[in-house]
Amino acid sequence: MENILKQLPQKAKETATENKKFFAKLKKRPPKHLDSLMQELHEAEFKRTDCLTCANCCKTTGPLFTDKDIERISKHFRMKPQQFIETYLRVDEENDYVLQNVPCTFLGADNYCSIYDVRPKACREFPHTDRKKFQQISNLTMKNVAICPAAFNIVEEMKRRLP
Ligand code: SF4
Ligand code: SF4
């Protein structure tokens, strides 16, 4: 996994132009079976990929925290939401709450998430490859393929399946 992660940014760079074209075409005319195809590709990829050997998302980018996330996680720590915000979060350029630091404070040395059951929605959904209307998040996906080896493989498989 270490080697895969090392090579990933370069591989993402090399496929960027092709991906941009592919997603532009997909956005214009999304196939009817796109949702079911994404479900299939996502499940197949995550049977092969063990996130516990990776955790690159938790190490390199943080999630954004919604108000509901903050409420749930601060309750878990028996903290007041404001206290949780002041301890762990900051407001980013888009006015969202994000982590003060990466790797994520809640990531253990064994790659386990210490707040797994109450983790932010964005963490639960990353890399969003099983969401409906996948063509709508192509800009985000093009960024994610440089971080997430599973997302990279899924996009490569999409290109094979939807030439
Ligand atoms: S979601 Fe992607 S980046 Fe995150 S741990 Fe799993 S494979 Fe790695
Ligand atoms: S909250 Fe958990 S899943 Fe989310 S980035 Fe931190 S360690 Fe990873």
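Let us start with P103, which sits in the loop between strand 3 (97-99) and helix 6 (121-125). Here helices (H or I, at least four residues) and strands (E, at least two) are DSSP runs, numbered from the N terminus. The peptide bond from V102 to P103 is cis, with omega near -10°. Before going on, please note that this is a predicted model, in which local features need pLDDT of at least 70, side-chain atom pairs count only at pLDDT 80 or more, and totals for chains, interfaces and linings use all residues. Residues are numbered from 1 along each chain as its sequence is written, while chains are lettered from A and ligands numbered from 1 in the order in which they are written.

P127 belongs to the loop between helix 6 and helix 7 (138-144). That loop also holds K133, a non-glycine residue with a positive phi of about 50°. K133 counts as exposed, with 10 C-beta neighbours inside 10 Å. The scale runs as follows: a residue is buried if 20 or more other C-beta atoms lie within 10 Å of its own, exposed if 12 or fewer, and partly exposed in between, with C-beta atoms placed from the backbone. R78, in the loop between helix 4 (67-76) and helix 5 (81-88), is not a glycine either and has a positive phi of about 55°. R78 is exposed too, with 7 other C-beta atoms within 10 Å. As background, most residues other than glycine have a negative phi, and most peptide bonds are trans.

F126 and P127 turn up again among the residues around ligand 1, along with T49, C51, C54, A55, N56, C57, I147, C148, P149 and A150. A residue is counted here if its C-beta atom, placed from the backbone, lies within 6 Å of the ligand. Helix 3 (56-60) and helix 8 (149-161) each supply at least two residues of this shell. By class, the shell has 10 nonpolar, 2 polar and no charged residues. In this sorting, Ala, Val, Leu, Ile, Met, Phe, Trp, Tyr, Cys and Pro count as nonpolar, Asp, Glu, Lys and Arg as charged, and the others, Gly among them, as polar. Ligand 2 is surrounded by C58, G62, P63, C104, F106, L107, C113, I115, R119, P120 and C123, a set with 9 nonpolar, 1 polar and 1 charged residues.

Stepping back, the protein is divided into domain 1 (33-60 + 126-163) and domain 2 (64-116), with bounds from an automatic or database domain assignment. Their C-alpha centres lie 24 Å apart. In the meeting of the two, 5 residues of domain 1 are in contact with 6 residues of domain 2, where contact requires C-beta atoms, placed from the backbone, within 7 Å. On the domain 1 side, the touching residues are 3 nonpolar, 1 polar and 1 charged.

Finally, what about the interior? The largest nonpolar core has 23 residues, and those with the most contacts inside it are V145, C148, A151, F152, I154 and V155. Such a core is a set of buried Ala, Val, Leu, Ile, Met, Phe, Trp, Tyr and Cys residues joined through C-beta atoms within 7 Å. Leaving aside neighbours within four places in sequence, V155 is in contact with N19, T141 and V145.
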